[in-house]
Amino acid sequence: MENQKIIPIEDCDATCSGSDTSLDNLRNSLLDKTTSVQMADWFKAFSDPTRLRIIDALLQRELCVHDLTVLLDMGQSAISHQLRSLRNMRIVKRRKEGKTVYYSLDDGHIEQIFIQTLQHIKHE
């Protein structure tokens, strides 16, 4: 690598002729457009601070809307709206007990993604 000429990044497009390898195998293994749209929508659910705080609370334990309104100091309609979005994305699920609806994370993947993201952010 010591003998290779370093090309400034701004000149790369004009001088790069691509790699010598075929990209067909790589192209065939890429996400299809539908999956990439679904994945982008799913990540959008994690782009809202209120939804992240709800997920964080539900990491601790199953909670009802009232508990979440008290914990997050927010109105019931705002919490319900965010829970509906999270439920539609299959990030949270609900369980009804009498008239009370309890929310929890949909599965262990949500917890893993949340914790790994948090670790990444805190990593220096």
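Analyst: The questions below go from the whole chain to single residues. Keep in mind that this is a predicted model.

User: What does the secondary structure of the protein chain come to?

Analyst: The chain has seven helices and three strands. From the N terminus on, their order is α-α-α-α-β-α-α-β-β-α. Of the 124 residues, 22% count as buried.

User: Why is H4 called roughly perpendicular to H6?

Analyst: Look at the angle. The axes of helix H4 (residues 49-60) and helix H6 (residues 76-88) cross at roughly 80 degrees. Angles from 65 to 115 degrees count as roughly perpendicular. So H4 is roughly perpendicular to H6. Their axes also come within 10 Å.

User: Which residues in H4 and H6 meet?

Analyst: H4 brings Thr 50, Arg 51, Ile 54, Ile 55 and Leu 58. H6 brings Ile 79, Gln 82, Leu 83, Ser 85 and Leu 86. By type, the residues of this contact are six nonpolar, three polar and one charged.

User: What makes Gln 82 count as buried or exposed?

Analyst: Its relative accessible area is 11%. Buried means under 20%. Therefore Gln 82 is buried. Gln 82 lies in helix H6. Leaving aside neighbours within four places in sequence, Gln 82 is in contact with Asp 48, Thr 50, Arg 51 and Ile 54.

User: Which residues touch the most other members of the largest nonpolar core?

Analyst: They are Ile 54, Ile 55, Leu 58, Leu 83, Ile 91 and Val 92, in a core of 20 residues. The elements giving two or more residues to this core are helix H3 (33-45), H4, helix H5 (65-72), H6, strand S3 (100-105) and helix H7 (108-122). H4 gives the most, with four residues.

User: What does Val 92 touch?

Analyst: Not counting residues up to four places away in sequence, Val 92 touches Leu 58, Leu 83, Leu 86, Arg 87, Tyr 103, Ser 104, Leu 105 and Asp 106. In S3, Val 92 stands opposite Leu 105.

User: How do you know that S2 and S3 pair?

Analyst: Count the bridges. Six of them join strand S2 (residues 92-97) to S3. Pairing takes at least two bridges. Therefore S2 and S3 pair, and they run antiparallel. Arg 94 has Tyr 103 in S3 as its bridge partner. The two strands form a hairpin with two residues between them. Gly 98 in that turn has a positive phi of about 65 degrees.

User: What makes S1 and S2 edge strands?

Analyst: The three strands form an open sheet in the order S1-S3-S2, with antiparallel pairing. Strand S1 (63-64) and S2 each pair on one side only, and that makes them the edge strands.

User: How do you know whether Asp 73 is buried or exposed?

Analyst: Exposed means over 50% relative accessible area. Asp 73 has 73% relative accessibility, so it counts as exposed. Asp 73 lies in the loop between H5 and H6. Its phi is near 55 degrees, a positive value in a residue other than glycine.

User: And why is Arg 90 called exposed?

Analyst: The cut-off is again over 50%. Arg 90 has a relative accessible area of 62%, so Arg 90 is exposed. Arg 90 sits in the loop between H6 and S2. Its phi is positive too, near 60 degrees, and Arg 90 is a residue other than glycine.

How values were computed. Residues are numbered from 1 along each chain as its sequence is written. This is a predicted model: local features need pLDDT of at least 70, side-chain atom pairs count only at pLDDT 80 or more; totals for chains, interfaces and linings use all residues. Side-chain values use heavy atoms; hydrogens and water are left out. Axes are lines fitted to C-alpha atoms, for helices over the stretch in contact, and angles run from 0 to 180 degrees between N-to-C directions. Angles under 35 degrees count as roughly parallel, over 145 as roughly antiparallel, 65 to 115 as roughly perpendicular and the rest as oblique. Contact means heavy atoms within 4.5 Å. Ala, Val, Leu, Ile, Met, Phe, Trp, Tyr, Cys and Pro count as nonpolar, Asp, Glu, Lys and Arg as charged, and the others, Gly among them, as polar. A nonpolar core is a set of buried Ala, Val, Leu, Ile, Met, Phe, Trp, Tyr and Cys residues joined through side-chain atoms within 4.5 Å. Buried means under 20% relative accessible area, exposed over 50%, partly exposed in between (1.4 Å probe, protein chains only).
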